[in-house]
Amino acid sequence: MPPVDALRAALRAAAGHADAYLAGLADRRVGPSLTAEQVRRRLGDTLPAGPSDPVAVIDALVDAVAGGLTATGSGRFFGYVVGGTLPAALAADLLTVVWDQNAALASLSPAASAVEALTGRWIAQLLGLPSGVSVGFTTGTQMAHVTALAAARHRVLARAGWDVETDGLAGAPPVRVLVGAARHATVDAALRLLGFGTRATIAVEADELGRMRPEALRAALADESGGSGPTIVIAQAGEVNTGGFDPFEEVCALAREHGAWVHVDGAFGLWAAVSAAASRRALVAGVERADSWATDGHKWLNVPYDCGIALIADREAHRRSMSVSADYFVLDSAGRLDPVDWTPEFSRRARAFAVYAALRSLGRAGLRDLVDRCCEYANRFAVRLAALPGVTVLNSVAGPAGSAGSAGSAGPGRVVELNQVLIRVVADQEGDRTAAGRAEGDRLTAAVTAAVTASGEAFVSGTVWRGRTAMRISVSNWSTSDGEVERTIAVIEAAVAEARGTTVRGTTVRGTTVAAPSGGGTHRGGIAS
C-alpha cells in the first residue's frame with residue numbers, strides 16, 4: 001500500500017473510533033472503570049516480532065484502553081480544573097497532528113509562527129495586559145512559569161550586575177522569592193527547575209481563601225534577614241481550591257517599592273478579565289501592573305491538551321533567557337517571529353492552531369459567556385449544596401452561614417468568587433469544633449467524594465484545605481448544561497445522605513435507587529464565614 005494510502009486508512013479508522021466516542025460521551029460513565037494496572041494487562045506484554053497492520057493496531061489500542069479513559073470532555077466532569085474541547089479547537093488540533101509542523105522557526109513553519117504571533121496578541125488583549133508583551137506557548141502553566149521566571153531571573157540579576165545566562169548561578173547574588181502560602185505546587189516545581197533553592201523561597205501568609213495578605217507581604221519585603229537584593233514576588237489569580245485572588249493593586253505597588261519582579265500564576269483565574277460581571281473583573285484589577293503572567297489554554301479556554309501560555313512585559317529579558325542559536329538555523333529576518341525565542345522547547349507541536357480556532361469560534365462574546373456560565377453554575381452548586389444537612393461551602397465569600405444572598409466580594413447573590421466550589425460534610429452541629437468531629441468530617445467528606453466518582457454519574461476531586469478534607473467542584477467545561485448540573489447535584493445530595501445515614505427519594509448512588517427521605521443529623525449545613 002502506498003504510504004499516503006496507509007496514512008489515510010489509519011486516519012479513517014481513528015476517525016471512526018473518535019466519532020463513536022463522541023457520540024456516547026454524554027451518556028458514558030465519567031470516571032474510568034479500569035485501573036492503570038488492568039489496562040496494562042489488556043495491552044499485552046510482548047512486543048510483536050514484525051510489523052502489524054496500522055488499522056488493526058488502532059482497533060486493538062481502542063479496545064485495550066477504553067475502560068481506562070476518563071471522560072474529561074463530559075459536561076459532568078468537575079474534577080481538578082480541566083476544560084473540555086471546543087469543536088473548532090478539536091478539529092484544528094486534529095489538523096495540527098496531520099500537518100505535523102515543528103513550531104520552532106518561522107522558516108520551518110511560517111503558518112505556525114504567524115498563528116502564534118496573532119493568537120498571542122489576542123490573548124494579551126483579552127486579558128487586559130500591556131500591549132507589546134511577548135508570548136510563548138508551552139505544555140502547560142508549569143512550563144509557562146519556568147519561562148516567565150527565567151525572564152525574571154535574568155532581569156533581577158542583571159540589575160545586580162550579573163549575567164546568569166553566561167555565568168550561571170554559582171556565585172550569583174542570592175535571589176529571594178516571595179510566594180503566597182497557598183500557592184500552587186507547579187510554582188515550587190518551576191523554582192526548583194530554575195535552580196532556586198528552598199531557602200530562597202519565603203512563604204507569605206494567606207487568608208482563609210488563600211489570598212496573600214498585603215501586610216504580610218509588606219513585612220516580608222522589609223525583612224532584610226532573608227536578604228534585600230534581587231527579589232521576585234509570585235502572586236496568584238485563582239487559588240486552585242477556593243478560586244481566591246491575591247490583591248494585585250497592593251501586591252504590585254509593594255513590589256515596585258522594593259524593585260521586585262511580580263509574576264502571576266493565573267492558570268484559570270486570569271480569564272475573569274473577560275467576564276461581563278464587574279465583580280469578577282474586579283478580581284484581576286491591577287494584574288496588568290505585574291511583569292509576567294502564566295495561564296493555560298486547556299483549562300477555561302477549552303482547547304485540547306496540552307497548552308500553556310507565558311506572557312512577559314519585558315521582551316528583552318524574555319528573549320535573552322530563552323533564545324538559542326545554531327549555524328543551521330534560518331532565522332526570521334525581522335527577529336520577532338521565531339517561536340524558539342520565547343519558549344524552553346525547540347522541537348514542539350504547533351499548539352496555537354487550536355487556540356486560534358477556539359478564540360475565532362468564540363469571539364469576545366462567546367468567551368465572556370463561557371466564563372460567566374461556568375461561574376453561575378458554580379454558584380448554583382454552592383447555594384444548593386450549602387442547603388443540605390451537614391454540608392458547608394468552605395470557600396464562601398457571601399458572609400456568615402446562611403446569608404447566601406448577601407453582597408460579598410463575589411457580588412450580590414453570589415456565594416463563590418469564580419468557578420471553584422469547596423465543600424465539606426460533617427455529622428452534626430459540633431462539626432469541626434472537636435478533634436473527633438474533624439476526624440468524622442474527614443471521613444464523611446472522603447466517602448462522599450469517592451461515592452460520587454464511583455457512581456460514574458459525575459467526577460469530582462478530593463483535596464485538603466487548611467488541614468481539613470474537602471471535596472472540590474470545578475466548573476470549566478463549555479458543554480456543561482443545566483441538566484448536567486442538576487444531575488450532579490442530585491448524585492452529590494444522595495451521596496451526602498448515604499454517608500450521613502439518611503436517604504433521598506429517587507436518586508441513584510452506586511447504581512442503587514434510594515427510596516425516600518428519612519431522618520438525620522440536626523446540622524443544617526451552610527456557608528463558611
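Mentor: Residues are numbered from 1 along each chain as its sequence is written. This is a predicted model, where local features need pLDDT of at least 70, side-chain atom pairs count only at pLDDT 80 or more, and totals for chains, interfaces and linings use all residues, while side-chain values use heavy atoms, with hydrogens and water left out.

Trainee: Why is the pair of F77 and F459 called stacked?

Mentor: Rings of Phe, Tyr and Trp (its six-membered ring) pair if their centres lie within 6.5 Å, and planes under 30 degrees apart count as stacked, over 60 as edge-to-face and the rest as tilted. By this rule the count comes to six aromatic pairs. F77 and F459 have 4.8 Å centre to centre and 25 degrees between the planes, hence a stacked pair.

Trainee: What makes this pair a tie between parts of the chain?

Mentor: Helices (H or I, at least four residues) and strands (E, at least two) are DSSP runs, numbered from the N terminus. F77 lies in the loop between helix 3 (54-65) and helix 4 (87-99), and F459 in the loop between helix 14 (435-455) and strand 10 (461-465), so the pair joins parts 382 residues apart in sequence.

Trainee: And why is the pair of F78 and F381 called edge-to-face?

Mentor: The angle between the planes of F78 and F381 is 75 degrees, with 5.1 Å centre to centre, and that makes the pair edge-to-face. F78 is in the loop between helix 3 and helix 4 while F381 is in helix 13 (residues 352-386), so this pair ties together parts 303 residues apart in sequence. Both F78 and F381 are buried (under 20% relative accessible area, with exposed over 50% and partly exposed in between; 1.4 Å probe, protein chains only).

Trainee: Why is G168 called partly exposed?

Mentor: Its relative accessibility is 24%, so G168 counts as partly exposed. G168 sits in the loop between helix 7 (164-167) and strand 2 (176-180).

Trainee: How do you know that strand 10 and strand 11 pair?

Mentor: Two strands pair if DSSP finds at least two bridges between them. Five bridges join strand 10 to strand 11 (residues 468-474), and the two run antiparallel. The bridge partner of G462 in strand 11 is M471.

Trainee: What makes a set of residues the largest nonpolar core?

Mentor: A nonpolar core is a set of buried Ala, Val, Leu, Ile, Met, Phe, Trp, Tyr and Cys residues joined through side-chain atoms within 4.5 Å. The largest one has 97 residues, of which W271, L311, F381 and I473 touch the most other members. Helix 13 provides the largest share of this core, 18 residues. Leaving aside neighbours within four places in sequence, I473 is in contact (heavy atoms within 4.5 Å) with residues including F78, F381 and L385.

Trainee: Which helix gives the most to the lining of the largest pocket?

Mentor: Helix 1 does, with eleven residues. The elements giving two or more residues to that lining are helix 1 (3-23), helix 3 and helix 4.
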